[in-house]
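Work through the exercises below with the model open. Each task is followed by a stepwise solution.

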Amino acid sequence: MYVIGISAYYHDSSACLFKNGELIFACEEEKFTGIKHDSSFPVKTLEYIFKKYNLNRDKIETICYYEDPKLKLKRVISNIKPQFFNNPIYSIKSYFKIKKNIRELNSRLPMYSNNVHYSTHHESHIYYSHYTSPFNKSTTLSIDGVGELDTMSFGFIDYGGNMAYDTLAQYPHSLGLFYSAMTSFLGFRPNEGEYKVMGLASYGNPNTYINKVRQLISYDDDELKCNMDVFTWNTSNTLMFNENLIELLDLEPRVPGGGVEPYHNDLAASVQRVYEEILFSVLNHLSTFLDNTDLSLAGGCAYNGTANGKIINNTNFKNLWIPPAPSDAGSAIGACIHYLVKNKKFKKKVSDNPFLGPSYSNKDIVEAIGDIKQTFKFPNEQELISWIARKIKDGKVVGWFNGNCEFGSRALGNRSILASPLLPNMKDKINSVIKKREGFRPFAPAVTKERQDDFFVMNGDIPYMNQVVQVRPSYRDELPAVTHIDGSARVQTVNRGNTFYNLLREFENVTGYPILLNTSFNVKDKTMVLTPKDAIKTFYDTELDILVLNNYIVYKHKKL
């Protein structure tokens, strides 16, 4: 029998499929719709699942939803009730939005199964993170903007699958919403631009605004508090801060799309520093009463790779796990795990394989290529990667499309743009004429597991590109395209057994470095490519030199 999981109506909607307790598919709705961070009910993803696996309603044991709509409604009502007469428009919109979502859920979910399981938001996060981890038992910390009511929680899951759960912070006090509000102040879009703040922070001096930023949020006596005199996420659908924040910081908000000044760098650095101070304080608090040194992170804040890379050195935890899709998308999986564990139908770990999305055959690729003349098919993988490795060495930038699409926001070698990390101008070239994004944004190095410690200071593997670590000083000048201004890099560990690993080894044969610059196959404000047709369109819309589609290549110039 099959179990389906769904996440929807906040951001990064997704759906997944389990067969006999085994995860076999997961994908975000945005990859089908092209709408970045699509929050709508994942209709297209479900259509794909039912068609690909020849499903009908009778084959679905249960449909699992990632949170409790009734509990969320209770939070919305308790939030708007005291401000209704002073803030009626916001109150009415908030109420009718959640009621509309509940009506849609009550209508849609029974279409797939008579049995509907509702998890809670943070339980879904925690089950997903722990059960993809290598740990038999772990402390799992979940931090995000807001679930139903909780904004920070932890779960301790033992060998038998029993979970002790506790709330650490509740709405409106939220470490995630604090970071999103400051993302907005810095001129970037909340729930999307937080990673831009992380990149910007490396250029600034955190001490410049640190005392002022500490007045915005605190964690004292094990209690998280946000300064709600300056933040408005609980009173407005459009603004996350008011003029009091401008006065406190003595700064004007950055205009979206405007220039980045040194004081923006300093503010970003202070925001990142305060986030880290609170995160480490929370973790050290947990470690005082939990006799466990294995940590799993969950929730959207687990994408803060800069902070993640410092956890082992700044807390009492010795081992760290972060799944490939820790935000709401992964909670579709977590909701299913919650159901299966609860009903004693699940006694093992979930595969940590991130390549859970659609794949496309050579027939699909040939159809997408159509009458394009500048194409070539390599007879086997070895000849392809040998040729591509040399082209990358020579400075070519490659669109790489292979196998199943990644689940999560990171391209991990199946929907990637690849380039040499050794060329000084490569970072600027990709940012400006290929990705068409801000020049301060760093790029990630993908490196073979066997040699990762030769080049980077690491505490274990980082398979999903979710920790920022230091490049060893002796290699910073040798790896200019993937070394950030502060000597850091968001590393991806690549294990043997796949084409991407073999390409890294071939690049090592021709350069001495088993490392490639790896960034997602998309351009600014667009979703990662899903289909061969998407890849071809993006190829021709950018200055990419070569497109690889399985064993086929497409090129633009006669001389390669």
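A residue counts as buried when its relative accessible area is under 20%, and as exposed when that area is over 50%. The model is predicted.

**Exercise 1. Classify Thr 139 as buried or exposed, and list its contacts.**

Step 1. Locate the residue: Thr 139 sits in strand E6, residues 138–143.
Step 2. Read the area. Thr 139 has a relative accessible area of 0%.
Step 3. Apply the cut-off. Buried means under 20%, so Thr 139 is buried.
Step 4. Collect the contacts, leaving aside neighbours within four places in sequence. Thr 139 then meets Gly 155, Phe 156, Leu 286, Leu 290, Asn 292, Asp 294, Leu 295, Ser 296 and Phe 317.

**Exercise 2. Which residues touch the most other members of the largest nonpolar core?**

Step 1. Take the core: it holds 69 residues.
Step 2. Leu 141, Phe 178, Met 182, Phe 231 and Leu 267 come out on top.
Step 3. Find the main contributor. Helix H10 (residues 262–289) gives the most, with twelve residues.
Step 4. Look for a separate core. Another one, of 48 residues, lies apart, and its members include Ile 6, Phe 25, Ala 335 and Leu 340.

**Exercise 3. Classify Pro 532 and Glu 192 as buried or exposed.**

Step 1. Pro 532 lies in helix H19, residues 532–541. Glu 192 lies in the loop between helices H6 (175–185) and H7 (194–201).
Step 2. Compare each with the cut-off. Pro 532 has a relative accessible area of 3%, so Pro 532 is buried. Glu 192 is at 7% relative accessibility, so Glu 192 is buried.
Step 3. List contacts, not counting residues up to four places away in sequence. Pro 532 touches Tyr 360, Asp 364, Ile 365, Ala 368, Phe 401 and Leu 549. Glu 192 touches Lys 36, His 37 and Asp 525.

Methods
Residues numbered from 1 in each chain as written. Predicted model: local features only at pLDDT ≥ 70, side-chain atom pairs only at ≥ 80, totals over all residues. Heavy atoms only, no water. Helix = DSSP H or I, 4+ residues; strand = E, 2+ residues; numbered from the N terminus. Buried < 20%, exposed > 50% of the residue type's maximum accessible area, 1.4 Å probe, protein only. Contact = heavy atoms within 4.5 Å. Core = buried A, V, L, I, M, F, W, Y, C linked by side-chain atoms within 4.5 Å.
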